[in-house]
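Thanks for coming. I have one model to go through, and I will keep it short.

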Amino acid sequence: MRFTFSAGPRRRAAASVLLAGVLTAGGLAGCGGTEATSGAGTTPPSAPAAAAATLTVKDPWVKAAKAGEMTAAFGTLVNGTGTDVTVTSVQTPASPAELHEMAMQDGKMIMREKEGGFVVAAGGTHELAPGGDHLMLMKPAQEIKAGDEVTFTLTLADGSSVPFTAVAKPFAGAEESYAPGHGMPMGSTAP
C-alpha cells in the first residue's frame with residue numbers, strides 16, 4: 001500500500017485520520033488473542049515489576065581495572081515513581097559486588113559497605129560518583145579494559161531487579177583507592 005499526501009488541508013486531514021485508524025487497528029489486533037478472551041494471562045503487572053520499570057540508571061560507567069584489582073561503577077539512579085525506592089544489593093558476573101559509601105569515621109574519610117542500601121527519593125535521583133556512593137567490584141576475575149561493557153543487576157527492597165550495562169573507561173579522578181584494605185582514608189594506598 002502506498003500513501004501519497006497532497007498539499008490540500010482536507011487531504012492531509014483525511015490522510016492523518018486514515019493513518020491513525022490503521023495504527024490503532026494494528027495496535028488493537030496485537031493486543032487481542034485467545035489468552036485475553038479466555039481470562040488466562042490477564043493478571044496485571046505486580047508492584048515490583050512497576051517499580052523496576054521506573055528506576056533507571058543514567059550514564060553508567062565503570063572504572064577500568066586489572067584482574068583482581070578492586071574497582072567501582074558509577075552513574076545516576078533515577079526514580080520515576082511516586083514513592084521512595086531502596087536499592088539493597090548489586091550483582092555482576094564480572095566480580096563479587098557491594099553497595100559502598102564514603103563516610104567520615106574518627107575524623108577520616110573512609111570507604112565502607114552502605115548499610116540499608118541506597119534510598120532514591122520519589123521522583124528524585126541518587127548520584128553514584130568517585131569519592132561518594134558507588135557500586136564496588138571487589139575482585140574482578142578478568143581485566144576490565146576501557147570500552148568493555150559490564151552488566152549489572154540492582155536488587156530493590158521490594159524484590160524486583162533493575163538490569164543495566166556500564167561501559168568501562170580509564171579514570172584517575174579523585175585519587176580514591178580501591179585497594180585491599182579499602183577502609184583506609186581516601187587517597188591512601190594499601191601496603
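Aspartate 59 counts as exposed, because its relative accessibility is 57% and the cut-off for exposed is over 50%. This is a predicted model, so please take every value as computed. Aspartate 59 sits in strand 1, and its phi is near 50°, a positive value in a residue other than glycine.

There is another positive phi to look at. Aspartate 106 has phi near 55°, and this too is a residue other than glycine. Its place is the loop between strand 4 (97-105) and strand 5 (108-113). With 75% relative accessibility, aspartate 106 counts as exposed.

Now the overall layout. Of its 191 residues, 31% count as buried. Take the contacts between residues at least 6 apart in sequence: 64% of them join residues at least 24 apart. The accessible surface is about 11200 Å², with 57% of that belonging to carbon and sulfur atoms.

Which residues have the most contacts inside the largest nonpolar core? They are Leu77, Val87, Leu135, Phe152 and Leu154, in a core of 23 residues. Strands that each supply at least two residues of this core include strand 1 (55-63), strand 9 (149-156) and strand 10 (161-169). A second, separate core has five residues, among them Met70, Met102, Met111 and Met138.

Last, leucine 154. Leaving out residues up to four places away in sequence, leucine 154 touches, among others, Val57, Leu77, Val87, Leu135 and Phe164. Its contacts also include Ser89, Ser160 and Ser161.

Conventions: Residues numbered from 1 in each chain as written. Predicted model: local features only at pLDDT ≥ 70, side-chain atom pairs only at ≥ 80, totals over all residues. Heavy atoms only, no water. Buried < 20%, exposed > 50% of the residue type's maximum accessible area, 1.4 Å probe, protein only. Contact = heavy atoms within 4.5 Å. Areas by Shrake-Rupley, 256 points an atom, 1.4 Å probe, with all protein chains shown as cover. Core = buried A, V, L, I, M, F, W, Y, C linked by side-chain atoms within 4.5 Å. Helix = DSSP H or I, 4+ residues; strand = E, 2+ residues; numbered from the N terminus.
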